[in-house]
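Please read them alongside the sequence and the structure.

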Amino acid sequence: MGKQEPDPKSLDDSNSTHKPDTSTVDVPVATNMAIPSIPSSLLPQPSWFTAKRLLAVFCVINLINYVDRGTIASNGVNGNRRTCTKDGTCSSGSGIQGEFNLSNFQDGVISSAFMVGLLVASPIFASFAKRVNPFRLIGVGLTVWTIAIVGCGFSINFWFIATCRMLVGVGEASFISLAAPFIDDNAPVAQKTAWLGIFYMCIPTGVAFGYVYGGLVGNHLSWRWAFWIEALLMLPFAVLGLFMKPLQLKGFSNTGSKKPLTSPLTACPEEAVLNCSNGLSSTREDPKDGSKGAPSNLNELARFWKDLKMLHLEKTYVINVLGYIAYNFVIGAYSYWGPKAGYYIYHMKNADMMFGGITVISGIFGTLAGGFVLDRMTSTISNAFKLLSVATFLGAIFCFAAFCFKSLYAFIPLFAIGELLVFATQGPVNYVCLHSVNPGLRPLAMAMSTVSIHIFGDVPSSPLVGVVQDRINNWRVTALMLTSVLFIAAGIWFIGIFIHSVDRSNEDSENQISDAERARSQPLLKEKSNEPIELPVESS
């Protein structure tokens, strides 16, 4: 039979006479059943939203994040340690390293401390995305970031600034995990990798501007002012994330249809869609049995481990991340030690400006080129691995050759070409991360990718390079040893070409909130609706 629309009163009567009370009767529900993902374009969107505007906002935020990374590595902010000559004359040093009298190892730890917060918080934010609107989580993270950056400017010793850098990592974790899935959802189908390339272009650009910015502010004002100005720049975006009407993310909002689903347990009325789009939602307790409200922490942990297991069974994803780890081992150390190595190897008068200029030009053109080339090749996972392996291998050759030359004029063009090729990987590598898993696992996939490339990549690389340099005291040899790791990254990505891969971006998400949990959920910000809820009536 067709559907009928009973009035609320008759609905109550019919429920009491013909149906058991679903709030008190246990109904078996397949909690792991696949629930169709509703495209984000079909969900209610806030008035401020356009896809290009979202990309622009996220690019600026990403740029500020990486300006901070370049700033703390710049000679103007990081500075130089105190030194003493044989006759007993000592210099006071400069910047953070000079003011706190840090060894090269301690100096590298400051960079790694930031990563500790990022690693711990990334999977936590990815897990929270199932319960809290992901856009709101980005706002929370940016607020923590802003407060922590202000704390960096007020640092009084090594441990204080190391702690603040950890909190900076915590703040950035939500953005790193959730921004790319938003972009992937809203980018034109034929330009997804190009849009990701534009977004990740902000990494080398931000680091490069950070070198220049840190050098200028550190030399003309103080290294503390460099942090305070960053906080002022990020503050409006933190407010935007917290208070503006948020967006929905595919794989986590499946209530966009105005038509109800087939039963009260699987239905989430249109009113709930509009309320959910306002941001936070909570799970109310069942009036008859409070234990049936929010899932227990044990269940949440079990779900997290299940998702993690599913993620690591994806061979394509694992190979991609392994190559990314080796790649980031080199890039992380380049970004932190590059200006200092250039200063000592080639006696650059202004290493911050020189490395900043090379990185920003190569980074912009390389990252954009990588995204556009993959789209032109047809964006597939296999083609992405081909581009990753070839670009990284050629880039490694040019960078290695650059450090072999003693002439600065030979080094600059070779290193610039090498960085251009190396940065061409940014769009493709993240394309593989997003498209090798189903939509509901994308935030966790990005989070675990971030955790892996840092905990095994640039977290150990910065201190290790410092230790190696302290031992051999030869920046050229140290740089050549570091650059050779890029060949390992190229080899791992080459293996990915031969692995059977499937683009899972359009699969139904298996990472949804279960039907029973959805039926018990109540939005915090409730809007009244006079529209009756349609219920299906089964034929007798």
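**Notes on the model**

1. Val120 lies in helix α5, where helices (H or I, at least four residues) and strands (E, at least two) are DSSP runs numbered from the N terminus. At 52% relative accessibility, Val120 counts as exposed; the classes are buried under 20% relative accessible area, exposed over 50% and partly exposed in between, with a 1.4 Å probe and protein chains only.

2. The model is a predicted one, in which local features need pLDDT of at least 70, side-chain atom pairs count only at pLDDT 80 or more, and totals for chains, interfaces and linings use all residues. Residues are numbered from 1 along each chain as its sequence is written, and side-chain values use heavy atoms, with hydrogens and water left out.

3. Val120 also belongs to a nonpolar surface patch of about 420 Å², together with Val116, Ile124, Phe128 and Met166. Helix α5 (residues 104-128) supplies the largest share of this patch, four residues. Patches consist of residues with over 30% relative accessible area and no salt bridge, with like charges joined within 9 Å and nonpolar side chains (Val, Leu, Ile, Met, Phe, Trp, Tyr) within 5 Å. A salt bridge is a side-chain nitrogen of Lys or Arg within 4 Å of a carboxyl oxygen of Asp or Glu, and accessible areas come from the Shrake-Rupley method with a 1.4 Å probe, only the protein chains shown counting as cover for residues. As background, an α-helix has 3.6 residues a turn, so residues three or four places apart point the same way.

4. Helix α2 (residues 51-73) is largely enclosed by the rest of the structure, because 17 of its 23 residues are buried.

5. The whole structure contains zero disulfides, a disulfide being a pair of cysteine sulfur atoms within 2.5 Å. For Cys152, the closest cysteine sulfur is in Cys164 at 4.8 Å, too far for a bond. Cys152 is buried, at 0% relative accessibility, whereas Cys404 is partly exposed at 44%.

6. Thr378, in the loop between α14 (351-377) and α15 (381-404), has a positive phi of about 90 degrees although it is not a glycine; Thr378 is partly exposed at 48% relative accessibility. Asn473, in the loop between α18 (442-472) and α19 (475-483), has a positive phi near 55 degrees, again in a residue other than glycine. Asn473 is exposed, with a relative accessible area of 63%.

Conventions. The expected span of a helix is 1.5 Å times one less than its number of residues.
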